[in-house]
Amino acid sequence: MAWGPRPRRRVGVMGGTFDPVHHGHLVAASEVLESFALDEVIFVPTGEQPFKTDRDVTQAEHRYLMTVVATASNPRFTVSRLEIDRPGKTYTIDTLRELKAQMPDTDLYFITGADVLPQILTWKDADELWSLAHFIGVTRPGHELDTSGLPEAGVSLLEVPAMAISSTDCRRRVAAGKPVWYLVPDGVVQYIAKYGLYRRGSAKVDDFSRPRPRMTTRARDERSVKLPPRAVGAGK
């Protein structure tokens with residue numbers, strides 16, 4: 001009996017700060033997974049970001065664990081900690097090269113906010129990015145976006161109603177003592193309360209507040225992702 005070629009896998013890679021992860025992230029990943037017939041979506045919480053100087057970013061371990069809690073019920077979502085564990089600067093081009101090397105029979109779909117797409121032209125080795133992954137910009141309905149200069153075949157836009165939710169607004173609500181129920185998953189609401197995250201003047205000391213040398217040197221100049229081991233993540 002003759003066997004045909006094995007179908008290529010289609011994997012979405014969703015990088016972000018996830019501070020905190022919210023329903024907009026989850027709905028966006030779910031919509032992309034369905035619309036582009038993906039096999040799975042890998043969530044990759046970022047490490048330290050030197051370009052986010054306007055605020056303190058929550059410790060990486062918290063953001064990773066909140067993302068694990070948020071995605072645990074979906075077997076087609078996984079979470080990688082490779083980005084938060086990797087020392088030194090990470091560029092998207094280096095990440096995608098590694099992903100292609102480790103998954104040669106997989107088509108990659110890099111998921112990001114649509115507002116980030118114009119910035120890609122300034123990223124390291126930007127001309128090569130389009131040959132490594134198809135970029136999907138998720139945006140709220142009715143949002144106008146200038147895609148001039150971007151390769152038409154390398155970029156897709158997808159409207160997602162829940163993108164009106166923002167991590168910034170969630171943090172502000174918690175700081176003001178307002179609820180974030182139904183904006184973020186229930187487990188994340190409880191996690192935020194348990195560790196006293198985002199509260200102004202909170203005296204609560206958590207288990208992750210002690211310095212960890214391997215995390216303090218991490219930085220990144222742009223949004224990027226890493227291939228997680230199959231044993232790492234949620235729902236796998």
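User: Is R97 buried, partly exposed or exposed?

Analyst: This is a predicted model, in which local features need pLDDT of at least 70, side-chain atom pairs count only at pLDDT 80 or more, and totals for chains, interfaces and linings use all residues. Residues are numbered from 1 along each chain as its sequence is written, and side-chain values use heavy atoms, with hydrogens and water left out. Buried means under 20% relative accessible area, exposed over 50%, and partly exposed in between (1.4 Å probe, protein chains only). R97 has a relative accessibility of 32%, so R97 counts as partly exposed.

User: With which residue does R97 form a salt bridge?

Analyst: A salt bridge is a side-chain nitrogen of Lys or Arg within 4 Å of a carboxyl oxygen of Asp or Glu. For R97, the closest N and O atoms of the pair are 3.0 Å apart, and the partner is D125.

User: Why does the pair of R97 and D125 tie together parts that are apart in sequence?

Analyst: Helices (H or I, at least four residues) and strands (E, at least two) are DSSP runs, numbered from the N terminus. R97 lies in helix α4 (residues 92–102), while D125 lies in the loop between β5 (106–113) and α5 (126–132), so the parts tied together are 28 residues apart in sequence.

User: R9 forms a salt bridge with E40; is E40 buried or exposed?

Analyst: The closest N and O atoms of R9 and E40 are 3.1 Å apart. The pair links distant parts of the chain, with R9 in strand β1 (residues 9–16) and E40 in strand β2 (residues 40–45), 31 residues apart. R9 has 31% relative accessibility and counts as partly exposed. E40 has 1% relative accessibility, so E40 counts as buried.

User: Which residues of β2 are buried on each side?

Analyst: In β2, 6 of the 6 residues are buried, so this strand is largely enclosed by the rest of the structure. Both faces are covered: one side has E40, I42 and V44, and the other has V41, F43 and P45.

User: Which residue of β2 stands opposite G12?

Analyst: Two strands pair if DSSP finds at least two bridges between them. β1 and β2 run parallel and are joined by 6 bridges. Within β2, the residue opposite G12 is V41.

User: What is the bridge partner of I42 in β3?

Analyst: β2 and β3 run parallel, with 3 bridges joining them. The partner of I42 in β3 is T78.

User: Which residue in β5 is the bridge partner of G12?

Analyst: Of the 8 residues of β5, 7 are buried, so β5 is largely enclosed by the rest of the structure. β1 and β5 pair in the parallel sense over 6 bridges. In β5, the partner of G12 is Y109.

User: Which residue in β6 stands opposite I111?

Analyst: β5 and β6 run parallel and are joined by 5 bridges. In β6, the residue opposite I111 is I136.

User: Where does F135 lie, and is F135 buried or exposed?

Analyst: F135 lies in strand β6 (residues 134–139). Contact means heavy atoms within 4.5 Å, and, not counting residues up to four places away in sequence, F135 touches residues including L96, F110, W123 and W130. With a relative accessible area of 0%, F135 is buried.

User: Which residues touch the most other members of the largest nonpolar core?

Analyst: A nonpolar core is a set of buried Ala, Val, Leu, Ile, Met, Phe, Trp, Tyr and Cys residues joined through side-chain atoms within 4.5 Å. The largest one has 38 residues. Those that touch the most other members are M14, V32, V41, F43 and M66.

User: With which residues is V32 in contact?

Analyst: Neighbours within four places in sequence are left aside here. The contacts of V32 are then A37, L38, I111, I136, V138 and L158.

User: How many of the residues of the protein chain count as buried, in %?

Analyst: The protein chain has 8 helices and 8 strands. Of its 236 residues, the share that counts as buried is 48%.
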